[in-house]
Amino acid sequence: MKKKVISALLCAAMAVSMLAGCGGSKSDSKKADKSATESTKAASDTFTFAIGGDTGNTLNPITADDRWGLMTCHMVYSPAYYIYQDGTMDWILAESMDASEDGKVYTMKLKEGLKWSDGEPLTADDIVFTFNSINDMKQNLYVGGEPIKVEKVDDTTVTFTLAEPSASVVELLSAETFILPKHIFEGKGSFDVNMLEDQVVGSGPYMLEEYKTGEHLKFVKNPNYANGEANIDTIVYRIIENSDTASLALQKQEVDALSVTVDQVDTFEGDDNFTVSKYSEGRVSYLRLNSVAPSMKDKDYREGIFRALNRDEIMTAAFTSEDYYKLGYTFLPYSSSYYTEDGVEKWDQDVDKAKKLTADGAKSLKLCYVEESTEQKNEALTIQAELKAVGIDVELCGVNQAAYMSAAYDLECTDYDMFLGAYVMGIDPDTFAPLFDSTKDNMMNFHNADIDAKFSEAATTLDDSKRKELYSELQVLVSEEALQYPMGTSMKTVVTTARVGGLDDAQFVPIYTFGDVSKLTLK
Amino acid sequence: MKYIVKRILQAIPLLLIITFICFMLINLAPYDAIDSITTPDMTKQEIEAKREAYGLNDPVIVQYGRWLGNICRGEFGYSLRSRTSISYDLKSRIPSTIKLVLPSYLTAFLLAIVLGLVAGSHKNQWQDKLIDGICSIGIATPTFWFAMIIMFFFGYKLELFPLMGMHTIGKEDSILDFLQHFIMPYVVLTVGFIPDLTRYVRGSTIGQLKEDYVIVQKSFGASKAEILFRHVSKNVLLPLITKLGMALPMLVTGAVITETIFSWPGIGPYFVSAVQAMDYPIVMSILVLSGTLVILGNLLSDILYCVTDPRIKSMK
């Protein structure tokens, strides 16, 4: 008997603490101003940014493709120029990039008096060295199957010669291409930089001062940065893998900035101690019907599936409110200047029609999505309910990221009938060609010669109004296939502490979060 | 001495089998490390080139052979995801984990002996019920939840300790600063270790108290405390040596969840993210380390047995 009483008491105590724990997390963070923990708070001249994983000790500016590695490269190296989502150019090392009449030769002019962080001059030699090294290692910068020829004219002029004209080459030459110091890497045989031992020489806004495995990366400002010395002296990337811990650390202001998920943002909304910023990465969420699955061979049936769905409902389930998404009806993100709904088949919801169209087709379907993604899980549940209403059972198959990628990009995979997904491509619409062009990677598994032809025509067309026309036709053609159901563009949310300023000047960008870190300020 | 050498030699095929099975299991998955770093804007060519470069297209047995060759030369290799040197990462992460796990385990061990003896000797009395009840709850409480509760109250609400990490940046040499960061994960981990050990000691104590020598001591008029701490405790401690030996691999993988939650720069978060991404060189390296420690731990406890208990020595 006694034992029972004691256990009951202990259980009660536990339940109380559990409730307190759950309820408490929503309370505001007034206490954060307390002076008692001043020591644990970020130092006044240091901007601390929480990142969700470790970079590891080696940095390779040419092969880096993980988010944290790229974020580090973005701090210590610079591209020649950067193109923002709205198409505006941020000239960093270069001051101009001009095309010849026939669109085959581009001339890049560098700014005068550029220097590496170690004081050595940065010249056309470094540009040529970087692009040749990339061409030696991978084929990213190939146009028409040939590497772009890069030649030095004088110390500040470089020409890029293409095998055939390409409308997207200006973007191709900037995306994730960091200019590397020839005097450091030449003869080294590898582009691996050991962050624990090597001194990292770059031309970015900051220089790496210290890397501590699993803890942080510390950067100090680069006095030789091409766009002028940064406002903040020190920037720290703090590694916090657990997202709840990261959120709590921001509430306590131990960190200054964090990318948050939709369900975390509530805590910070309306609190004067924090600034909540939303921005579009041009990330398009979609449902794809698997064109090789036996169930999806009939176009009427596919249309029936789309007619059963309600975009708004699905997106609200995933992103909670319209503040965090914009509905979209084509494969391009809403923010693209080529986006148009003219003539595009929107597949508006019509349950009766859906029932009729799917009457003779499969009655049970498998939907594949990424299990770790809360938004995709919610999308999947909504789609399941909506298809249930027209008499189709959906089996939800949540798999991990790697398994998803392996199934979704296997064009012969018939294990699943539908895939949920999202992509961030480039700014130029030609970067979307690999999704639908069956002569390329064709990740959406399309087979339409008309679409292929239009994409390759648009890629080599230099006249902008002609291109707009072509991409407008493409958006119609792609929608009419009834294979991809674009749902819209979602927003990303970053929360910063109130003392962080200059957010508008720095701009938010995909992957790196902050475009020009040197423009950030601290109050 | 011959015995020890024999045992170590026996361990080698065992390690080979462990690593082989793990390697095969990793390869059974229908996807690999390259899939985990693929993004929609990467071309098929690029992805295939990576797979080729990392040798993932070779037959499994060739991959295993290559990996084994490297390990024998003492090379842990490079992460498939970030191409960073694994030995560098391990070199700085293992000491961090040991700094956290060792004190926690020793504290839990000592507390468990005391609590277990008290509970066992007061079987079915209130002391026993209290200790056993708390242990039941302790076993049933998930570590991540307890860690978040501790962090929320002591780190966030009361602001007694920094929320996470091992040091404040720039104060890496300050012991006081380290201790401030250390306390919360240390408490969580200690609490996590105690229940299981306590129950073990309690069970063993109850068993020993039934032995004849206890009755003999009683009849000689020895006090209860004297019996418990001078005679019973010695016999209870003997099986605990096995526990201690088995705890050796914990120095590497003993705090995976706690470390992840408190952003402690140890092996835990590193291992978890590697498993998720099928980054097999990292997973295999950690496995070899902990596998070796399991075998060494067993060996160590066998040797300690011989040293502490003359009866076992004479049995051979």
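**Notes on the two chains**

1. Start with chain B, where the UniProt annotation "domain: ABC transmembrane type-1", from an unreviewed entry, covers residues 94-305. UniProt positions use the numbering used here, feature names are shortened, and annotations may be inferred rather than shown by experiment. Over residues 94-305 chain B is 80% helix and 0% strand, and the end C-alpha atoms sit 28 Å apart. Helices (H or I, at least four residues) and strands (E, at least two) are DSSP runs, numbered from the N terminus.

2. Some ground rules. This is a predicted model, in which local features need pLDDT of at least 70, side-chain atom pairs count only at pLDDT 80 or more, and totals for chains, interfaces and linings use all residues. Residues are numbered from 1 along each chain as its sequence is written, while chains are lettered from A and ligands numbered from 1 in the order in which they are written.

3. Now the whole of chain B. You'll find 15 helices and 0 strands there. Its C-alpha atoms fill a box of roughly 85 × 60 × 35 Å along the principal axes. Of its 316 residues, 37% count as buried; that label needs 20 or more other C-beta atoms within 10 Å of a residue's own, exposed means 12 or fewer, partly exposed is in between, and C-beta atoms are placed from the backbone.

4. Chain A has another make-up, with 15 helices and 25 strands. Its C-alpha trace spans about 75 × 70 × 40 Å along the principal axes, and buried residues make up 45% of its 523 residues. A compact globule of 523 residues would have a radius of gyration near 24 Å, and chain A, at 26 Å, agrees with that. (The radius is taken over C-alpha atoms, and the globule rule is 2.2 Å times the number of residues to the power 0.38.)

5. UniProt also has an entry for this chain: "domain: Solute-binding protein family" (unreviewed) is listed for residues 93-441 of chain A. That span is 24% helix and 26% strand, with its end C-alpha atoms 33 Å apart.

6. How many residues does each chain bring to the contact between them? Chain A gives 62 and chain B gives 53. Here two residues are in contact if their C-beta atoms, placed from the backbone, lie within 7 Å. On the chain A side, the elements that each supply at least two residues include helix H1 (2-24), helix H6 (243-251) and helix H11 (401-408). H1(A) gives the most, with 9 residues. By class, this side of chain A has 19 nonpolar, 29 polar and 14 charged residues; Ala, Val, Leu, Ile, Met, Phe, Trp, Tyr, Cys and Pro count as nonpolar, Asp, Glu, Lys and Arg as charged, and the others, Gly among them, as polar.

7. Have a look at helix H2 (residues 67-76) of chain A. Here 8 of the 10 residues are buried, so H2(A) is largely enclosed by the rest of the structure. Among the buried ones are A:Trp68, A:Cys73 and A:His74. The buried residues of H2(A) pack against several strands of chain A, including S1 (46-51), S12 (206-212) and S14 (234-239).

8. Two of those strands go together: S1(A) and S14(A) pair in the parallel sense over 6 bridges, where pairing means that DSSP finds at least two bridges between two strands. A:Thr48 stands opposite A:Val236 in S14(A). S1(A) is mostly covered, with 5 of its 6 residues buried.

9. In strand S12 of chain A you'll find A:Tyr206. Why does A:Tyr206 count as buried? Because it has 25 C-beta neighbours inside 10 Å. Leaving out residues up to four places away in sequence, A:Tyr206 touches, among others, A:Met75 and A:Val76, which are also among the buried residues of H2(A).

10. Finally, strand S18 (residues 364-370) of chain A has 5 of its 7 residues buried. S18(A) pairs with strand S19 (residues 393-399) of chain A in the parallel sense over 7 bridges, and A:Cys368 stands opposite A:Cys397 in S19(A). With helix H10 (residues 374-388) of chain A, S18(A) and S19(A) make a right-handed β-α-β unit: with the strands pointing away from the viewer, the path from the first strand over the helix to the second runs clockwise. S18(A) also runs parallel to S20(A), joined by 2 bridges, with A:Leu367 opposite A:Met418.
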